[in-house]
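Please read it alongside the sequence and the coordinates.

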Amino acid sequence: MTNLQVADKEFSHVPIIDISTLVSGKGDLHSVASQINQACQESGFFYIIGHGVDENLQQRLEEISRQFFAQDLETKLKIRMALAGIAWRGYFPVGGELTSGKPDLKEGIYFGAELGKEHPLVQAGTQMHGSNLFPANIPQFGETVLEYMEAMTNLGHTLMTGIALSLALEASYFADRYTSDPLVLFRIFNYPPNLSPSDGEPIWGVGEHTDYGVLTILKQDNSGGLQVKSKSHWVAAPPVPGSFVCNIGDMLEKMTAGLYRSTPHRVQNQSGNHRLSFPFFFDPNFDVEVKPIELDRIVANNHSDRWDQANIHDFRGTYGDYVLSKVSKVFPELQRSLL
């Protein structure tokens, strides 16, 4: 092995990458792969344009989401997470989700792949697998969410091809080993206007954290508020028309031995309006064991500067083991009720 890589540099902005050649499979794939490689090493975040996801579908998703969150709490609680049990689906109210033990200033709905009672994983009682909870009083809500999730799943496979190429691996590396049956998780979040207390302490829509899996594809509205951590400061990732924000998660950092960084990020809604956010998580198969990729580079890892002081490179087990250990801390009360 050669070439000591220290992936802990300052960056001042999140780059924009046109992935139209990846989507079409035609053109200079090397150029796109090179841009992804640089972004994943320097910031762990990048915008994508040229992704081909239908704008009308995105608009419909925003419309039904605003319609849902405009309802009274009693109505929204008709699809509360407790009703879905171990499937971990449904609505949670403002303050119902924790980051580092502190309530987030947001409400949201959890979704996943739509699996019926006859599915083997559901029959086996596997957590995070099952049916979604959709509001019955909003026409086309479920259909729109599932259509969007299908588009995002396809986009996730395309992006993982680009990430494989960026690491000088065969295009199907991740599909062959980790994402043939990806764990896909989708959230719709609503951040109310941030009314900071008189003592001046900031209230975070979601506090500093990293994502768990391999890839997050985020659609955000026009409100802004997303911040990405550089080495010694925070960098804004404002909305870019026609784009999604992508970032890599803990498992891709583990696979690449720290060459690609799972970068901390946070949200503070200072727009004065409600902020909608649509993170889609494209993650490894639930039962796959995540292992390091054999790369021809040595990477300097120092977990002491991670936001949670954890060392993900020491983790052993399946991705399901990892994600369940995380989700149980996000919703501790719900986890206790399921035991």
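A polar contact is a pair of N or O atoms within 3.5 Å, where one must be able to donate a hydrogen and the other to accept it. The model discussed here is predicted.

**Surroundings of Asn132**

Asn132 is found in the loop between α5 (120-123) and α6. With a relative accessible area of 8%, Asn132 is buried, because buried means under 20%. Its side chain makes a polar contact of 3.1 Å with the side chain of Arg89. A polar atom of the Asn132 side chain also lies 2.8 Å from the backbone oxygen of Gly112. Apart from neighbours within four places in sequence, the residues in contact with Asn132 include Tyr110, Phe111, Ala113 and Leu146.

**Aromatic packing**

Phe111, one of the contacts of Asn132, also belongs to an aromatic cluster with Phe68, Phe69, Tyr91, Phe134, Phe141, Tyr148, Phe186 and Phe280. The structure holds 17 aromatic pairs. In one of them, the ring centres of Phe111 and Phe186 are 5.9 Å apart and the planes stand at 25°, so the pair is stacked. Phe111 lies in strand β7 (residues 107-112) and Phe186 in strand β8, so this pair ties together parts 75 residues apart in sequence. Phe111 counts as buried at 1% relative accessibility, and Phe186 is buried at 0%. Phe186 also pairs with Phe280: the centres are 6.4 Å apart and the planes at 50°, so this pair is tilted. Here Phe186 in strand β8 is linked to Phe280 in strand β15, 94 residues away. Phe280 is likewise buried, with a relative accessible area of 0%.

The largest pocket holds about 710 Å³ of space. It is lined by 41 residues, and those closest to its centre are His209, Thr210, Asp211, Tyr212 and Val330. Elements that give two or more residues to this lining include β8 (183-191), β15 (275-283) and α9 (319-330). α9 gives the most, with six residues.

The second largest pocket has a volume of about 340 Å³. Of its 18 lining residues, Ala113, Asp181, Pro182, Leu183 and Val184 lie nearest the centre. α6 (141-166) and β8 each supply at least two residues of the lining, and the largest share, four residues, comes from α6.

Terms used. Residues are numbered from 1 along each chain as its sequence is written. This is a predicted model: local features need pLDDT of at least 70, side-chain atom pairs count only at pLDDT 80 or more; totals for chains, interfaces and linings use all residues. Side-chain values use heavy atoms; hydrogens and water are left out. On a 1 Å grid over the protein atoms alone, a cavity is a set of points where a 1.4 Å probe fits but cannot get out, and a pocket is an open set with protein on both sides within 12 Å along at least five of seven lines; lining residues have an atom within 4 Å of a point. Grid points are joined across faces, edges and corners, and a volume is the space filled by probe spheres set on the points. Buried means under 20% relative accessible area, exposed over 50%, partly exposed in between (1.4 Å probe, protein chains only). Contact means heavy atoms within 4.5 Å. Rings of Phe, Tyr and Trp (its six-membered ring) pair if their centres lie within 6.5 Å; planes under 30 degrees apart count as stacked, over 60 as edge-to-face and the rest as tilted.
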